[in-house]
Amino acid sequence: MAQRQIKLGAFIPTTSQHAAGWRHPASLPQDHLSLDYAIELAKTAERDLFDAYFLADGLAVNWSHGASKHNKNVSYSDKVVGFEPVTLFAAISAVTKNIGFIATASTTYEEPYLLARKYASLDHISKRRAAWNVVTTISAETARNFGFSTHPDAKVRYERADKFIEVVQKL
């Protein structure tokens with residue numbers, strides 16, 4: 001029987017995962033848009049034998065949970081202020097050798113050809129270390145960023161996702 005191995009993935013947003021993470025004494029919130037800092041995080045994960053670096057992505061300014069007490073239309077979140085994951089991973093892949101890259105992309109608000117092209121580019125640049133975290137996008141606020149007045153219901157999103165994934169795989 002083949003020996004099983006555990007695979008470790010690291011979810012490492014540059015701002016930290018916890019909403020108050022920026023307050024930790026070792027935190028570097030001023031570096032959340034620093035490529036050098038993102039590279040340092042990836043190299044640390046790779047050195048510590050993580051197999052993958054994962055980044056979620058949001059497509060709306062207020063995609064976090066809870067709304068501001070001052071403006072009910074805007075929620076507070078540090079997760080929307082950051083690099084687009086596929087672009088960031090392309091840069092990081094040039095200075096790493098083994099760690100894989102998993103980026104989130106929406107089947108509801110992306111188009112199959114452009115998404116396939118982005119991920120194929122990352123896969124070639126990183127020498128076969130790219131992966132796609134498929135989401136249908138739960139945030140209704142995202143619709144407005146794309147010029148839509150309403151967000152599709154779950155049934156519609158999942159039907160689109162089935163066909164979308166099939167097209168992306170063929171591309």
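The model is predicted: local features require a pLDDT of at least 70, side-chain atom pairs count only at pLDDT 80 or more, and totals for chains, interfaces and linings use all residues. Residues are numbered from 1 along each chain as its sequence is written, and side-chain values use heavy atoms, with hydrogens and water left out.

Helix H2 covers residues 85-93. Helices (H or I, at least four residues) and strands (E, at least two) are DSSP runs, numbered from the N terminus. The buried residues of H2 are Pro85, Val86, Leu88, Phe89, Ile92 and Ser93. Here buried means under 20% relative accessible area, exposed means over 50%, and partly exposed lies in between (1.4 Å probe, protein chains only). Seen down the axis of H2, these buried residues fall within an arc of 160°, so they line one face of the helix; the arc is that of the directions from the helix axis to the C-beta atoms. The buried residues of H2 pack against helix H1 (35-47), strand E2 (52-55), strand E3 (100-106) and helix H3 (112-125), where contact means heavy atoms within 4.5 Å.

Attention now turns to charged side chains. Side chains of opposite charge can pair when their charged atoms come close. A search of the whole structure finds five salt bridges, each being a side-chain nitrogen of Lys or Arg within 4 Å of a carboxyl oxygen of Asp or Glu.

One of them joins Arg128 to Asp123, with the closest N and O atoms 2.9 Å apart. Arg128 is exposed, at a relative accessible area of 70%, whereas Asp123 is buried, at 16%.

Helix H5 (residues 154-170) contains the pair Lys155 and Glu159. These two residues form a salt bridge whose closest N and O atoms are 3.4 Å apart. Lys155 and Glu159 are four residues apart in H5, and therefore separated by about one helical turn. Lys155 is exposed, at 60% relative accessibility, while Glu159 is partly exposed, with a relative accessible area of 45%.

Lys170 and Glu166 also meet in a salt bridge (3.3 Å, N to O). Being four residues apart in helix H5, Lys170 and Glu166 are separated by about one helical turn. Lys170 is exposed, with a relative accessible area of 67%, and Glu166 is partly exposed, at 43% relative accessibility.
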